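Hi there,

Here is the structure I promised to pass on. Have a look at it first, and my notes follow below.

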Amino acid sequence: MKKIRRSSNSKFLKMEEFFPESFRLDLEDERNAFFELCKEEQIWICKPSCSNQGRGIFLLKNPASVNTLQAKLHGAEDHLLHKRVPRKAPKARIVQRYIQQPLLLEGKKFDVRSYLLVACTVPYVLFFAQGYVRLTCVNYDAASDDLTVHLTNQHMQKKNSLYSQLKDETVWRMEHFNSYVNEKFRKTNGLPKDWVFTVFTKRMQQIMLQCFLAAKHKLDRKLGYFDLIGCDFLIDENFKVWLLEMNANPALHTNCQVLRDIIPTVVYESL
């Protein structure tokens with residue numbers, strides 16, 4: 001981002017303004033910085049860097065769980081050294097500071113999946129598409145050990161025993177979300193009318209563009225190349241917008257009515 005700032009007069013966000021504090025566990029400096037920082041009771045979420053559907057994600061909720069992870073990583077390194085095999089970096093994972101005060105919809109945690117289409121790389125052509133809201137089956141409890149309370153994706157929610165009867169309530173259209181925010185939060189939080197389709201949408205687009213600019217030098221540039229990227233955003237109780245992650249190969253399942261209406265349109269328009 002420093003390179004981009006130097007070559008552009010545009011106004012860019014600082015990382016801490018939209019991305020939770022994160023560390024890469026496969027880089028020794030970042031790994032050590034994280035373990036030095038984690039001395040207090042605070043929640044972190046640990047994610048593999050190349051996975052989907054919530055696989056391999058777990059929470060670090062106290063110093064004991066952090067110490068266990070540290071010992072496991074040290075043990076893996078020692079094992080490789082003892083076997084005298086070429087040293088490999090630890091499995092690529094990140095730890096990300098968990099946002100404990102998310103905005104709730106009817107008591108449930110949610111995030112927003114929207115789309116960035118890199119339609120062409122010669123020249124670059126980008127499009128934004130509104131997506132949908134993903135909610136949990138049960139009410140939010142930061143202290144819960146149940147991952148279906150913390151992770152909103154459909155694959156994870158299917159593991160909840162209530163999913164079969166609540167699945168159509170776990171996905172909202174953006175229009176429904178906008179109406180809900182207008183009705184429940186607009187006056188009490190001093191939000192402009194249609195905050196979802198104005199302020200929130202502009203912030204999503206701003207963050208997506210900034211991430212694209214930071215990564216575009218790594219993209220393969222070839223005529224005919226394109227990619228649909230699923231971008232996940234969380235809104236906290238102060239209506240601050242956070243980027244959680246950006247996903248290649250986003251899920252295109254249609255296992256509830258809202259998804260049956262939205263996903264085919266996204267695919268059709270992309271093509």
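Strand 2 and strand 4 (residues 93-97) run antiparallel, joined by five bridges; strands here are DSSP runs of E with at least two residues, helices are runs of H or I with at least four, and both are numbered from the N terminus. Two strands count as paired if DSSP finds at least two bridges between them. Strand 2 also runs antiparallel to strand 3 (residues 58-60), this time with three bridges. Isoleucine 45 stands opposite glutamine 96 in strand 4 and opposite leucine 59 in strand 3.

Before going further, please note that this is a predicted model, where local features need pLDDT of at least 70 and side-chain atom pairs count only at pLDDT 80 or more, while totals for chains, interfaces and linings use all residues. Residues are numbered from 1 along each chain as its sequence is written, and side-chain values use heavy atoms, leaving out hydrogens and water.

Back to strand 2 (residues 44-48): five of its five residues are buried, so the rest of the structure largely encloses it. Buried means under 20% relative accessible area, exposed over 50%, and partly exposed in between (1.4 Å probe, protein chains only). Trp44, Cys46 and Pro48 lie on one side of the strand, with Ile45 and Lys47 on the other.

Helix 9 (residues 199-215) has 17 residues and reaches 25 Å from its first C-alpha to its last, close to the expected 24 Å (1.5 Å times one less than the number of residues). Its buried residues include Phe200, Met204, Ile207 and Phe212. Among the elements covering them are strand 6 (108-121), helix 7 (174-184) and strand 10 (241-248), where contact means heavy atoms within 4.5 Å.

Helix 10 (residues 257-270) buries Val258, Leu259, Ile262, Ile263, Val266 and Ser270. They cover an arc of only 95° around the axis, which puts them on the same side of helix 10; the arc is taken from the directions from the helix axis to the C-beta atoms. The buried residues of this helix pack against strand 6, strand 7, helix 5 (154-157), strand 8 (171-173) and strand 9.

And how many disulfides does the structure hold? It has zero, with a disulfide defined as a pair of cysteine sulfur atoms within 2.5 Å. The sulfur of cysteine 211 is 7.6 Å from the closest cysteine sulfur, in cysteine 231, too far for a bond. Cysteine 211 is buried at 19% relative accessible area, and cysteine 256 is buried at 0%.

Best wishes
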